[in-house]
Amino acid sequence: MIFRALMTGLLIAALSAPPVLAQGSLPDVEPRPVRPPMPSYPVGAARVMLQGYCEVEFSVDTRGRTSNIHPRCSHPEFCASATAAMEEVRFMPGRRDGRIVQRNNVVYPLEYRIEGMPDPIPDRTELKGCVDPLVS
């Protein structure tokens, strides 16, 4: 009877312990979107046939949610759209040494194109940081 209780206790303890992975048994993985962001084309930009490009820097937490979103865009007209798109997208979180981790300084490119017009991608040095209207 005591042996059975002892074995049951050991079995329960073994089953309730989280699995342990060997260090380096899984490859490190960068966060990737579950589905790509779908930014809306700003009405003002479309009205004047303005195309653009943004590089959006952000963090991805362990649940795949974005935060600390900072777009740099070829024109300020695209800043709000880029921010809103990245607030809505969900990611498969990054992994390091088999553990899900938060990743900071992730950069995702967004292009705003009008069909039939030349390529909008500017020189990357021409991208400007966006001003948060709630801060300024």
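This is a predicted model: local features need pLDDT of at least 70, side-chain atom pairs count only at pLDDT 80 or more; totals for chains, interfaces and linings use all residues.

**Entry 1: a threonine**

I started with T66, which counts as buried because its relative accessibility is 14%; buried means under 20% relative accessible area, exposed over 50%, and partly exposed in between, using a 1.4 Å probe and protein chains only. T66 is found in strand β3. Strands here are DSSP runs of E with at least two residues, helices are runs of H or I with at least four, and both are numbered from the N terminus.

Residues are numbered from 1 along each chain as its sequence is written, and side-chain values use heavy atoms, with hydrogens and water left out.

What does T66 touch, leaving aside neighbours within four places in sequence? I found F58, S59, M86, E87, V89 and F91 in contact with T66, where contact means heavy atoms within 4.5 Å. I also saw that a polar atom of the T66 side chain lies 2.6 Å from the backbone oxygen of M86.

Next I checked α3, where C79, S81, A82, A85 and M86 are buried. Seen down the axis of α3, these residues fall within an arc of 170 degrees, so they line one face of the helix; the arc is that of the directions from the helix axis to the C-beta atoms.

**Entry 2: the core**

Which residues touch the most other members of the largest nonpolar core? They are C54, V56, F58, A82, M86, F91 and L110, out of 17 residues. A nonpolar core is a set of buried Ala, Val, Leu, Ile, Met, Phe, Trp, Tyr and Cys residues joined through side-chain atoms within 4.5 Å. Two or more core residues come from each of β2 (52-60), β3 (66-73), α3 (79-88) and β7 (103-112). I then picked L110, and not counting residues up to four places away, L110 touches P37, P39, G52, Y53, C54, V56, A82 and M86.

**Entry 3: two more spots**

Q51 is in the loop between α2 and β2, and Q51 counts as buried at 13% relative accessibility. The Q51 side chain reaches the backbone nitrogen of I114 at 2.8 Å.

V43 and E77 are 34 residues apart in sequence and 9.2 Å apart in space, C-alpha to C-alpha.

**Entry 4: the whole chain**

I counted 3 helices and 8 strands in the protein chain, in the order α-β-α-β-β-α-β-β-β-β-β. Of its 136 residues, 29% count as buried. Among contacts between residues at least 6 apart in sequence, 75% join residues at least 24 apart.

The mean pLDDT is 80, and 74% of residues reach 70 or more; pLDDT is the predictor's confidence in each residue, from 0 to 100. Over residues 1-22 the pLDDT is below 50, and this stretch has 2 contacts in the model beyond near neighbours in sequence.

Key. A polar contact is a pair of N or O atoms within 3.5 Å; within protein, one must be able to donate a hydrogen and the other to accept it, and residues adjacent in sequence count only if both atoms are side-chain atoms.
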